[in-house]
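Dear colleague,

Please find the structure below, followed by a short account of what was found in it. I would be grateful if you could read the two side by side.

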Amino acid sequence: MATVVMGPYAAQILGDLGADVIKIESPKDTVRVGVLHRTPGMTPLNLNVNRNKRSVTLDLKDEGERARALELIGTADILITNMRIDALRRLGMDHDSLAPSHPRLVHVHAQGFRPDSDRARLAAYDETVQAASGLLDLAQRAGDVGAPVVLPSIFADKVAALTIVYAALAALVHQRATGRGQRVEVPMADTLLAFNLVEHLQGRIFEPPMGPTGFPLSMNKGHRARPTKDGLAMIIPYGPQNFRDLFAAAGRPDLAEDPRVNGEFIDAARDGEALAELLETVTPLLTTEKWTEVCTKHSIPVGPVLRLDDAPEDPYVRAGHLLDVAEHPSEGAYRVVGIPLAFSATPASVRRHAPLPGQHTEEVLAELDREAAPNCKEVR
C-alpha cells in the first residue's frame with residue numbers, strides 16, 4: 001500500500017525473491033504519470049518498480065472499498081506503506097489500529113521523518129532527504145561549490161527501500177518463531193544519515209572530537225574519473241606503489257621519484273588533489289583498454305566509465321542478463337532490469353510483468369471471497 005518508489009521498490013524486491021505481492025493502488029499514483037509510455041500509466045518507472053505484483057485498485061476513502069482493503073491486509077504476512085501516519089490513523093490502518101485483529105502482521109511504515117518527531121508532517125522527497133541527511137553538505141564540501149546539486153539518482157528512496165527489505169525479512173523471522181507481528185518504522189532521513197555516517201563520521205566519532213566529519217578519500221577533490229587516450233576511466237591508485245607503477249607504465253619513471261609517492265602511505269587530505277593532477281598528465285597517454293591491462297597487472301582498482309546509453313550492448317551487462325528484452329503482454333518488447341543476485345537453491349525470478357492499474361482487482365477479490373466462504377455460516 002505504497003506509492004512512488006521507496007515502498008514499491010522494496011515490495012518488488014520481495015516479489016523477485018518469491019513473495020506473492022498484492023499492490024493496493026489508489027486511483028492516482030505519480031509513478032504512473034509520465035510522457036514516455038505506450039499505454040497510459042505504464043511508464044518506465046512503473047515498469048521498473050511494479051513487476052512481480054498483482055494490482056488491485058481500491059479507493060480507501062470509500063467505506064466499502066476500505067473494508068475490502070482491510071480484508072486483504074488480513075491475509076498478509078507483511079504490509080508495506082509510506083502513507084503519512086495521520087492518514088493511516090484516519091483510515092484505521094496504522095499499526096495500533098490493526099494489531100488487535102491482526103496480531104501476526106508485520107507492519108512496515110516508511111516516511112520521510114520519524115513519526116514522533118517535529119518533522120513528521122513534512123512532505124518528504126528524495127531531494128529534501130538528501131539535504132536532511134548531510135549528503136548535500138558532503139557534495140558541497142567535496143566539490144567546493146556554493147550550491148551543490150543532488151546526487152542524480154533517487155538515492156534516498158532506494159536506500160530506504162533496501163532497508164525496508166531487510167527489516168521486513170528480520171521481522172518475518174521473528175513472526176515465524178513467535179507467531180507475533182510488530183511495527184517496523186523506516187524513516188528515510190534517519191536511514192540515509194546512518195548510511196552516510198558509516199565512513200563520514202570520522203573524527204567526530206570521538207568525544208572530544210579528534211577532527212571534522214568527512215572521509216578524506218571521498219572528500220578529495222581529485223577523486224574523479226581520469227581522461228584516457230580514447231575516453232574516461234576510473235583509475236584509483238591507493239598506495240605509493242600504485243602511483244609508481246602507473247607512472248612507469250606511462251613511460252614517466254621520473255615521476256615515480258616524487259617523494260609524495262615514496263612514503264609508507266598516500267596522505268589523501270594533504271596530497272590527494274595535487275597527485276590527481278599529476279596523474280592526469282599521464283593517463284591521456286594510453287587507451288582505456290591499455291590502462292585496464294596495466295591496472296589489472298598491478299592490482300590497481302580500475303573501471304571504464306559506462307555510458308548508460310551504451311549499457312544494453314556492454315559485454316558485462318549482456319553476459320549478466322541485466323537488460324534482456326522481454327515481451328510485455330500490453331506494452332510489447334521492453335528491457336527488463338535484471339535481478340542482481342544468484343541463489344544456488346532458491347533462484348529469484350521475474351514471474352509477472354508490471355500490471356496495468358487494477359488489472360487483478362477482480363481476480364484477487366474473488367480469491368478473497370473463496371477463502372472466506374468456508375468460514376461463513378448461512379444466516380436464516
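**Helix 8 and helix 9**

Angles run from 0 to 180 degrees between N-to-C directions, and axes are lines fitted to C-alpha atoms, for helices over the stretch in contact. The contact (heavy atoms within 4.5 Å) involves Phe155, Ala156, Asp157, Val159, Ala160 and Thr163 of helix 8, together with Met188, Thr191, Leu192 and Phe195 of helix 9.

This is a predicted model, in which local features need pLDDT of at least 70 and side-chain atom pairs count only at pLDDT 80 or more, while totals for chains, interfaces and linings use all residues. Residues are numbered from 1 along each chain as its sequence is written, and side-chain values use heavy atoms, without hydrogens and water.

**The sheet beside them**

Three strands form an open sheet in the order 3-4-5, with parallel pairing; two strands pair if DSSP finds at least two bridges between them. Strand 3 (78–81) and strand 5 (182–187) stand at the edges with a single partner strand each, so one side of each has no neighbour in the sheet. Six bridges join strand 4 (residues 106–111) to strand 5. Helix 8 lies across strand 3, strand 4 and strand 5, at about 165° to strand 5. Helix 9 touches strand 4 and strand 5, and its direction makes about 65° with that of strand 5.

Yours sincerely

Notes. Helix = DSSP H or I, 4+ residues; strand = E, 2+ residues; numbered from the N terminus.
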